[in-house]
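Here is a briefing on one structure. Please read it with the model open beside the text.

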Amino acid sequence: MMTHYFYRVAYRVGRTSPIHSFINVRSAGHYVTYGDFFDNGGKKDFLEIFWCCGGEGTLHSHGKEIKMSSGDFFCYLPGSTHAIYSDKRGWDYYWLTCDGPDMEAVIRAFGFRQELLHPGPPPENLFNSAIDAIRKIDATGAMEASMAAYGIFTRAVNPLSGDPGEHDFAERFQTLVAENFSDGDFSLQTAADMLGVHRSTLYRIFSAKCGVSPQDYLSRYRMQQAMELLATDMNIKEVAASCGFNAQNYFNRVFRDSFGKTPGEFRRTLAGIGGAVPGMRSRRLTSFLTGKEVRQEKATALLPFDNKRK
């Protein structure tokens, strides 16, 4: 006897989206199935993704059976024949479909292929946000659903989470950086020694978890702190030393490579837009866009680390 429990589901009203967006979401849901559930949906002209929470399900693709279990992700490309089923043990999964004129570009951008991935637990908050947004019916809901889908797709192809132990390890390294970045002798090797691992192990785990190498993270952290200190009246030599640079010339070179400006030029830019003024320990800047005073951490975001303007 088949039992099929629909946990949450939402469908777009109308054949087309009320907005033109890169990703047009048409439906989304969270299914929990019990018993011998089977859905032979036939050939579809839209993209459909499946992300398993628990249990086990089977999908048919190109004459092959693909088993899905917790943390697995799979997508049917437009034009594919959809056929899925679960056994008596049940299957718990999220799904989402999208269509529109830009589907080929979406597939290329995310590198989607009709094969099984294992990015880890699904981002349930994003799926639920997509379901809630679809139910709004209007253009605002369509845009919110598109944004949620973009986040889901990004998490699927760029998983930054996984083994909880490795995640904790990455956080421990970030804590060490925050506590020791001002020490000129603090390096990747020092951090590895403090964590009790080989340098290559630190590099492998942190790069996989955070999408940036530990050496780059340390350098970027120091540059972020340097930007904030340059908004005060601390002299540049003191800024360099406070950010772990024993030689000011080297600090100047790294800063220029990062931002396309020397520390002195950067400080003069801040002074010109209402930032640092000699004799004042200003921690506020003026927004380039609105002219309103904003906190320092908001203002520094206007000058991203990888902006290498020359």
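**Loops, helix packing and aromatic pairs**

Thr16 counts as exposed, because its relative accessibility is 60% (buried means under 20% relative accessible area, exposed over 50%, partly exposed in between, with a 1.4 Å probe and protein chains only). The model is predicted: local features need pLDDT of at least 70, side-chain atom pairs count only at pLDDT 80 or more, and totals for chains, interfaces and linings use all residues. Residues are numbered from 1 along each chain as its sequence is written, and side-chain values use heavy atoms, with hydrogens and water left out.

**Loop residues**

- Thr16 sits in the loop between β1 (2-11) and β2 (24-35); helices (H or I, at least four residues) and strands (E, at least two) are DSSP runs, numbered from the N terminus.
- Thr16 and Asp99 are 83 residues apart in sequence, yet 8.5 Å apart in space, C-alpha to C-alpha.
- His62 is in the loop between β4 (47-61) and β5 (64-69). Its phi is positive, about 55 degrees, although His62 is not a glycine. His62 counts as exposed at 69% relative accessibility.
- Ile137 lies in the loop between α2 and α3. Ile137 also has a positive phi, near 75 degrees, and is not a glycine. At 56% relative accessibility, Ile137 counts as exposed.

**Packing of α2 on α3**

- Helix α2 (residues 124-134) and helix α3 (residues 139-157) pack at about 160 degrees, with axes 8 Å apart. Axes are lines fitted to C-alpha atoms over the stretch in contact, and angles run from 0 to 180 degrees between N-to-C directions.
- α2 and α3 are therefore roughly antiparallel (under 35 degrees is roughly parallel, over 145 roughly antiparallel, 65 to 115 roughly perpendicular, the rest oblique).
- On the α2 side, the contact residues include Phe127, Ala130 and Ile134; on the α3 side, they include Ala145, Ala148 and Ile152. Contact means heavy atoms within 4.5 Å.

**Aromatic pairs**

- The count comes to 26 aromatic pairs. Rings of Phe, Tyr and Trp (its six-membered ring) pair if their centres lie within 6.5 Å; planes under 30 degrees apart are stacked, over 60 edge-to-face, the rest tilted.
- Tyr94 and Phe127 have ring centres 4.8 Å apart and planes at 25 degrees, so the pair is stacked. Tyr94 is in strand β7 (residues 81-99) and Phe127 in helix α2, so the pair ties together parts 33 residues apart in sequence.
- Tyr94 is buried at 2% relative accessibility, and Phe127 is buried at 0%.
- Ring pairs link Tyr11, Tyr31, Phe50, Phe74, Tyr76, Trp91, Tyr93 and Trp95 into a cluster.
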